[in-house]
Amino acid sequence: MTELDLDKTAAGLRLELVELLTAEGQVTDPAWRAAVGGVPRHEFTPRFYVTSGAPGMTTYVPVTPELVGTEAWLRKVYSDETLITQFDGRDTDWSDPQPIRGASPTSSSTLPSLVVQMLEALDTGDEATVTEYGTGTGYSSALMCHRFGAEKVTSVETDPGVAARARAALERCGYAPRLIVGNGLVGAGRSDQAARTIATMGVRGVPWAWLRETQPGGLIVATLRGWLRSLGLVRLVVEDGRRATGRFLAGSAFMMARQQEAPTNLGMLPGDDDGKVRETPHGPEVLRMPDSGFVAQLAVPNARTFDMPADDGAMRTYVLDTANESFAVLSRDGDGWTVREGGPVSLWGEVEQSLALWHAADSPAATEFEVSVEPDSQRVRLANGEDGPSWRLPAVPSS
Ligand SMILES: C[S@@+](CC[C@H](N)C(=O)[O-])C[C@H]1O[C@@H](n2cnc3c(N)ncnc32)[C@H](O)[C@@H]1O
């Protein structure tokens with residue numbers, strides 16, 4: 001394919017993507033449609049991995065023009081898919097790319113429908129100053145440069161290699177936003193305040209710096225998540241640099257900010273005789289189902305979970321909090337479940353209690369909850385439920 005053909009094919013595929021996102025109601029604002037139609041995503045994703053979709057352990061397969069042909073590569077680039085560009089914080093050896101298993105994505109170009117959903121949630125006209133956390137490939141930064149002008153866009157990326165590639169791609173497209181290499185959890189170090197703040201990485205709580213660097217009346221759009229699962233996308237209105245409140249918008253799952261990833265060491269696993277056994281009305285499925293999983297994550301913010309077969313071959317679900325060495329191990333018992341718990345905190349008791357409160361409120365969806373961020377605590381509660389139950393989010397260290 002000549003360069004001219006490539007540009008023509010890419011432009012055609014971009015239009016198809018815009019049509020798809022429009023038909024599915026993902027993009028409604030003509031200015032964001034123009035941005036998706038105008039920004040060449042392929043400049044930001046010359047090579048990447050996608051999930052193979054094969055059953056079993058998740059397998060990621062490489063996609064480059066050399067491996068699959070230029071047209072197939074472009075079709076993938078202009079599909080509504082997340083294109084993974086890095087695993088486990090290490091750059092890929094692209095001289096001989098192989099399928100990857102058992103690794104965690106650490107950088108990507110997020111699927112366009114989610115990017116535009118977040119950009120629309122910013123609720124701007126054509127004039128806005130924006131801080132983005134999680135530059136990644138630079139694609140979402142480019143969409144904002146297209147709409148607001150590069151001089152209005154600041155973007156922060158923690159990984160120097162990822163940031164350098166994003167800068168080069170943005171330059172190829174003629175954009176020179178302010179790009180900062182550093183930990184976005186401590187802010188962008190801007191002296192002014194942005195009208196909008198957007199984060200394309202997950203955070204356990206809203207970093208205080210983001211409030212400080214957003215204008216009063218401005219918006220923060222970000223994904224909250226824990227170590228069990230994602231909580232979802234939130235849109236917060238910043239009141240005065242000391243308080244922000246807003247609702248969960250919808251499910252979205254972003255990779256966790258690197259500085260907030262769960263510690264890799266699980267410590268000593270509980271032995272078969274450790275802890276006290278009791279019956280429980282809830283099996284591990286409550287952790288996996290969308291709305292009960294949201295409530296369970298709120299109940300045990302420092303917990304992690306995994307399944308492991310016991311000596312008799314029966315599957316057990318472990319829930320561990322390595323900070324205080326509490327544990328809960330769920331086992332099937334006939335038609336029901338038992339839990340074996342130990343440590344200073346009854347982890348499964350916390351989950352049961354939160355689920356009881358949630359059931360008592362008619363099992364509302366995550367989008368019925370709101371977040372409030374204040375100097376001494378960040379809490380999630382039912383919208384308009386000022387006097388009702390609330391759950392504390394972990395504090396984000398500011399350095
Ligand atoms: C899902 S990717 C971003 C997608 C990107 N906006 C795009 O359109 O290509 C998340 C990025 O956040 C970055 N990241 C993780 N923790 C960060 C932090 N504390 N500060 C800034 N960037 C961070 C990762 O290195 C990764 O590149």
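A: A polar contact is a pair of N or O atoms within 3.5 Å; within protein, one must be able to donate a hydrogen and the other to accept it, and residues adjacent in sequence count only if both atoms are side-chain atoms. The model is predicted, so local features need pLDDT of at least 70 and side-chain atom pairs count only at pLDDT 80 or more, while totals for chains, interfaces and linings use all residues. Residues are numbered from 1 along each chain as its sequence is written, and side-chain values use heavy atoms, with hydrogens and water left out.

A polar side-chain atom of Arg258 lies 2.9 Å from an oxygen atom of the ligand. Taken alone, the ligand exposes 600 Å², of which the protein buries 99% (accessible areas by the Shrake-Rupley method with a 1.4 Å probe; for residues, only the protein chains shown count as cover).

Around the ligand there are 28 residues, and Ser107, Thr137, Ser140, Glu157 and Gln259 come nearest (near: a heavy atom within 4 Å). At least two shell residues each come from strand E5 (105–109), helix H6 (139–148), strand E7 (153–157) and strand E9 (194–203); E5 gives the largest share, four residues. Helices (H or I, at least four residues) and strands (E, at least two) are DSSP runs, numbered from the N terminus.
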